[in-house]
Amino acid sequence: MTLILEDGTGVVSANSYANASMAADYHAVRGNITQWLAMETAFAVDGMLIDATRLLEQTFVWLGTIATTTQGLGLPRLTLTMKDGRAFNGAAQVAIAADAVSELSLKLYSHRIPADGRIVKSLTLPDASWTYDTSRVGEYQEVDRILAPLIAAGGLGGGMKSATLARWS
């Protein structure tokens with residue numbers, strides 16, 4: 001699937017808030033560039049970013065009113081204001097979402113989380129008994145923190161155990 005970037009104007013077919021260079025810049029500033037580059041080598045980066053965007057779209061309820069009825073994603077929104085009362089335009093909203101997508105895509109793919117969001121810690125066959133690893137549940141709180149100015153409800157910090165996606169690469 002081709003990545004179509006949302007730029008804050010309500011792109012009709014948009015399927016991601018971040019592209020590869022935006023994600024690389026995000027991780028470079030945070031000291032994660034080596035890990036990000038390893039993930040780019042192992043996975044199709046556009047698919048990673050599209051999947052992370054899709055997970056945000058399925059998990060969060062955005063504040064405000066959708067900007068256009070034809071936009072491909074939930075952002076940009078109308079009538080959003082920052083805590084200090086200043087208007088929050090579409091480009092600023094999407095910049096925040098791009099950071100969250102960059103953060104989430106690395107976390108998801110570095111752990112290779114399966115479609116149901118649970119990580120199998122141990123598996124015993126042929127009896128088919130397994131144990132889920134719950135130690136990583138809090139890792140997604142950073143994504144919640146990044147998106148805090150934009151969300152009315154939802155969250156990944158404690159909700160990853162039940163998250164699902166339509167496609168995983």
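Me: Hi! What share of the contacts with a separation of 6 or more in the protein chain comes from residues 24 or more positions apart?
Reply: That share is 64%. Contact here means heavy atoms within 4.5 Å.

Me: Thanks. What sort of model is this, and how are the residues numbered?
Reply: This is a predicted model, in which local features need pLDDT of at least 70, side-chain atom pairs count only at pLDDT 80 or more, and totals for chains, interfaces and linings use all residues. Residues are numbered from 1 along each chain as its sequence is written, and side-chain values use heavy atoms, with hydrogens and water left out.

Me: How many helices and strands does the protein chain have?
Reply: There are five helices and six strands, in the order α-α-α-β-β-β-α-β-β-α-β along the sequence. Both kinds of element are DSSP runs numbered from the N terminus, with at least four residues (H or I) for a helix and at least two (E) for a strand.

Me: And how much of the protein chain is buried?
Reply: Of its 169 residues, 41% count as buried. Buried means under 20% relative accessible area, exposed means over 50%, and partly exposed is in between, with a 1.4 Å probe and protein chains only. The accessible surface of the protein chain comes to about 8400 Å², and carbon and sulfur atoms hold 55% of that. Those areas come from the Shrake-Rupley method with a 1.4 Å probe, and for residues only the protein chains shown count as cover.

Me: Let's go inside. Which residues have the most contacts in the largest nonpolar core?
Reply: Leu56, Trp62 and Leu147 do, in a core of 39 residues. Helices H1, H2 (33-42), H3, H4 and H5 each supply at least two residues of this core. H4 gives the largest share, ten residues. A nonpolar core is a set of buried Ala, Val, Leu, Ile, Met, Phe, Trp, Tyr and Cys residues joined through side-chain atoms within 4.5 Å.

Me: Is H3 mostly covered or mostly open?
Reply: Mostly covered, as eleven of its 15 residues are buried. Among them are Val45, Met48, Leu49, Ala52 and Leu56. The expected span of a helix is 1.5 Å times one less than its number of residues. For H3 this comes to 21 Å, and its end C-alpha atoms are 21 Å apart, which agrees.

Me: What about aromatic pairs, how many?
Reply: Two. Tyr17 and Trp62 have ring centres 6.4 Å apart and planes at 80 degrees, so this pair is edge-to-face. Tyr17 lies in the segment before helix H1 (20-29) and Trp62 in strand E1 (residues 61-62), so the pair ties together parts 45 residues apart in sequence. Rings of Phe, Tyr and Trp (its six-membered ring) pair if their centres lie within 6.5 Å; planes under 30 degrees apart count as stacked, over 60 as edge-to-face and the rest as tilted.

Me: Which residues make up the aromatic cluster?
Reply: Tyr17, Phe60 and Trp62. Tyr17 is buried at 0% relative accessible area, and Trp62 is buried at 7%.

Me: Last one: where is the cis peptide bond?
Reply: The cis bond joins Leu75 and Pro76, with omega about 10 degrees. Pro76 lies in the loop between strand E2 (65-66) and strand E3 (77-78).
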